[in-house]
Amino acid sequence: MASFDPREIAVRCAHFIGGRSRDARAELEVFRPSDGGFQSGLPCASADLVDEVVEGTWRAWKASDWASRPPRERARVMRRWADLVEADGEILGPLEAVGSTRPLREVLAWDIPYVAEGIRFFAEFADKHGGEVAATATSHLGLQITEPYGVVGAIAPWNFPLSMAGWKIAPALAAGNAVVIKPSELTPFSILRLAELATLAGLPAGILSVVQGDGRITGDALCRHPRIGKVTFTGSTGTGTAIMTACAESGPKPVTLELGGKSPQLVFADAPDLARTARSVAAAITGNAGQVCVSGSRLL
């Protein structure tokens with residue numbers, strides 16, 4: 001596939017709940033950054049729907065054997081998921097490109113293979129990250145045991161929707177957790193397909209859910225839900241601060257934040273090829289329109 005017409009891409013105005021898409025009334029609008037055209041309506045999950053989804057995800061996680069099955073079995077499911085992702089460029093590629101305006105060529109050559117390899121990478125941690133036996137008196141036994149949180153709440157950004165979602169979902173699943181993820185309302189389409197492929201790979205239905213919506217309503221409700229054991233977020237510093245507050249007021253619960261970067265590029269006096277250096281410096285701030293966590297935003 002070399003190109004596509006974004007007006008012909010079929011996208012769903014839906015959440016992903018209980019192992020299947022659930023259509024819902026559109027409350028938000030998604031526009032294409034490439035030409036400003038309207039792409040689709042999008043539902044906005046209310047606090048009540050977030051409560052329903054999180055409670056359902058928690059019940060599905062408790063009822064399934066995902067956390068208790070042998071770690072290598074979890075890894076096998078995840079490797080099947082990675083294979084399906086890698087082979088799904090015809091569908092996944094346009095869904096990723098149309099919202100993020102990542103060029104299709106880059107999505108097919110980098111994003112999709114990168115997500116597949118990331119899933120495989122985290123799958124290998126399933127049986128390698130464990131606890132420790134503490135040094136105690138010989139008459140005592142002290143153990144540090146790692147256990148899943150239960151349901152992890154994830155909020156993904158719009159700049160690399162697919163890869164950022166993969167980074168959040170895959171390690172949580174490898175450790176035996178369930179996940180409820182909210183994509184950016186600007187780039188909601190490819191993550192639905194990612195969740196569908198996980199279910200097709202054998203992930204127990206219901207333990208990976210996608211809720212669509214904005215940060216003010218949907219994201220806040222997700223962070224504050226008492227069943228959410230941990231929150232992971234990538235995005236702006238301001239939103240990260242709001243998420244820390246929500247998690248502290250409703251928990252406290254652990255939070256992992258990857259916030260806006262400020263990355264210097266250092267050029268020393270002995271740089272052998274200044275023309276090449278200049279090209280690298282320019283590429284480091286203009287790649288993906290500068291919307292990269294490690295964009296070279298300063299030159300020293």
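Does serine 40 count as buried or as exposed?

Guide: Serine 40 counts as buried, because its relative accessibility is 8% (buried means under 20% relative accessible area, exposed over 50% and partly exposed in between, with a 1.4 Å probe and protein chains only). The model is a predicted one, in which local features need pLDDT of at least 70 and side-chain atom pairs count only at pLDDT 80 or more, while totals for chains, interfaces and linings use all residues. Residues are numbered from 1 along each chain as its sequence is written, and side-chain values use heavy atoms, with hydrogens and water left out.

Serine 40 belongs to strand 4, residues 38-42 (strands are DSSP runs of E with at least two residues, helices are runs of H or I with at least four, and both are numbered from the N terminus). Once residues up to four places away in sequence are set aside, serine 40 touches Val11, Cys13, Leu28, Glu29, Val30 and Phe189; contact here means heavy atoms within 4.5 Å.

Leaving aside neighbours within four places in sequence, valine 267 is in contact with Leu274, Thr277, Val281, Leu299 and Leu300. Alanine 278 lies eleven residues from valine 267 in sequence, and their C-alpha atoms are 9.4 Å apart in space.

Charged pairs come next. Side chains of opposite charge can pair when their charged atoms come close. A salt bridge is a side-chain nitrogen of Lys or Arg within 4 Å of a carboxyl oxygen of Asp or Glu, and by this rule the count comes to 22 salt bridges. One of them joins glutamate 52 to arginine 22, with 2.9 Å between the closest N and O atoms. Glutamate 52 lies in helix 1 (residues 47-63) and arginine 22 in strand 2 (residues 20-23), so this pair ties together parts that are 30 residues apart in sequence. Glutamate 52 is partly exposed at 38% relative accessibility, and arginine 22 is partly exposed with a relative accessible area of 33%.

Another salt bridge links the side chains of arginine 120 and glutamate 86, at 2.8 Å from N to O. Since arginine 120 lies in helix 4 and glutamate 86 in helix 2 (residues 71-86), the pair ties together parts that are 34 residues apart in sequence. Arginine 120 is buried, with a relative accessible area of 17%, whereas glutamate 86 counts as partly exposed at 40%. In the salt bridge between arginine 102 and aspartate 111, the closest N and O atoms are 2.7 Å apart, and both residues are buried.

Rings of Phe, Tyr and Trp (its six-membered ring) pair if their centres lie within 6.5 Å; planes under 30 degrees apart count as stacked, over 60 as edge-to-face and the rest as tilted. A search of the whole structure finds six such aromatic pairs. Among them, tryptophan 110 and tyrosine 114 are stacked, at 4.3 Å centre to centre and with 15° between the planes. Both residues lie in helix 4 (residues 104-123), four residues apart, which is about one turn of the helix. Tryptophan 110 is partly exposed at 37% relative accessibility, and tyrosine 114 is partly exposed at 30%. Together with Phe160 and Trp167, Trp110 and Tyr114 form one aromatic cluster.

Most residues other than glycine have a negative phi, and most peptide bonds are trans. Threonine 101, which is not a glycine, has a positive phi of about 60°; its place is the loop between helix 3 (89-100) and helix 4, and it is partly exposed at 34% relative accessibility. Asparagine 288, also not a glycine, has a positive phi of about 55°. This asparagine is in the loop between helix 9 and strand 13 (296-299), and it is buried, with a relative accessible area of 19%. The peptide bond from glycine 251 to proline 252 is cis, with omega near 0°, and proline 252 is found in the loop between helix 8 (237-249) and strand 11 (255-258).
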